[in-house]
Amino acid sequence: MYHAPGEETERSKGGGKEQLRDWPIGDISPRWRRAVFLDRDGTINRDTHFPYRPEELEFEQNAIEGLRILSTLPLDLIVVANQAGIALGHFTRQQMSEFNAALRSGIETAGAHIDAFYYCPHLEPKHLKPGQTPCDCSKPAPGMLLEAAKEFEIDCEKSFLVGDKRSDIAAGKAVGCVTILVKTGKAGREGSALNVEPSHKAADLYEAAVMVRSYLQRESDERVSRAPS
Ligand SMILES: [Zn+2]
């Protein structure tokens with residue numbers, strides 16, 4: 001079944017699966033099978049408290065520079081964003097899609113790219129009343145990463161996650177990613193109750209991208225040094 005971006009999809013009623021991908025629409029052709037999962041608000045763009053108006057879009061410190069580096073690497077760049085603003089009634093899926101499109105356009109204009117946007121439209125654990133069960137896609141749960149991994153055939157244990165919140169780090173760790181906490185946005189101050197430590201800390205998305213690039217560089221150096229002479 002075809003769904004326009006942002007169109008309401010039916011919540012799963014035992015068996016049916018809710019669409020967590022905002023973009024691209026349609027079938028996926030897996031490419032690198034290895035990803036950098038990126039948080040959105042506070043990591044790529046400024047977290048201006050439930051941003052959704054394209055005119056509110058402001059990139060985080062050095063985020064564009066970081067995305068330019070990541071765009072040169074053999075990795076799928078996949079945004080995984082909790083968007084509880086939808087369940088809270090701050091904005092609609094359609095408005096989120098428009099914001100994502102503006103974000104993508106700004107990134108592409110700067111000579112970088114994003115390969116996909118996944119989102120969770122549900123309440124986050126902190127919004128739930130006692131007795132309510134959290135969904136399996138709101139970070140710290142890894143549902144969005146698992147969905148993206150299935151669709152893009154990604155090996156999560158060879159992949160990376162970059163985010164500004166402990167809940168991002170927890171989601172990345174749950175699937176075996178190398179995790180990088182950036183000091184932009186919430187800078188790890190939120191969700192300190194989650195007892196998780198990132199693999200690395202970085203000042204911003206640029207520094208995180210440099211770290212990811214060095215990982216790949218080290219791997220290729222090791223391959224060369226192991227090769228028979
Ligand atoms: Zn969810």
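Modeller: A residue counts as buried if 20 or more other C-beta atoms lie within 10 Å of its own, exposed if 12 or fewer, and partly exposed in between. The model is predicted.

Biologist: Is Glu108 buried, exposed or partly exposed?

Modeller: Glu108 is found in helix H2, residues 93-109. Its C-beta has 13 C-beta neighbours inside 10 Å. The limits are 20 or more for buried and 12 or fewer for exposed, so Glu108 counts as partly exposed.

Biologist: How many Å apart in space are Glu108 and Ile64, C-alpha to C-alpha?

Modeller: In sequence, Glu108 and Ile64 are 44 residues apart. In space, their C-alpha to C-alpha distance is 9.6 Å.

Biologist: Where on helix H1 do its buried residues fall, seen down the axis?

Modeller: The buried residues of H1 (residues 63-70) are Ala63, Gly66, Leu67 and Leu70. Seen down the axis of H1, they fall within an arc of 95°. What covers them includes strand E2 (35-38), strand E3 (76-82), H2 and helix H5 (205-226).

Biologist: Which are the edge strands of the open sheet?

Modeller: The sheet has seven strands in the order E1-E4-E3-E2-E5-E6-E7, with mixed pairing. An edge strand here pairs on one side only, and those strands are E1 (21-23) and E7 (200-202).

Biologist: Which residue in E6 stands opposite Leu161?

Modeller: Strand E5 (residues 160-163) and strand E6 (residues 178-182) pair in the parallel sense over four bridges. Opposite Leu161 stands Thr179.

Biologist: At about what angle does H5 run to E6?

Modeller: H5 lies across E2, E5, E6 and E7. Its angle to E6 is about 160°.

Key: Residues are numbered from 1 along each chain as its sequence is written. This is a predicted model: local features need pLDDT of at least 70, side-chain atom pairs count only at pLDDT 80 or more; totals for chains, interfaces and linings use all residues. Helices (H or I, at least four residues) and strands (E, at least two) are DSSP runs, numbered from the N terminus. The arc is that of the directions from the helix axis to the C-beta atoms. Two residues are in contact if their C-beta atoms, placed from the backbone, lie within 7 Å. Two strands pair if DSSP finds at least two bridges between them. Axes are lines fitted to C-alpha atoms, for helices over the stretch in contact, and angles run from 0 to 180 degrees between N-to-C directions.
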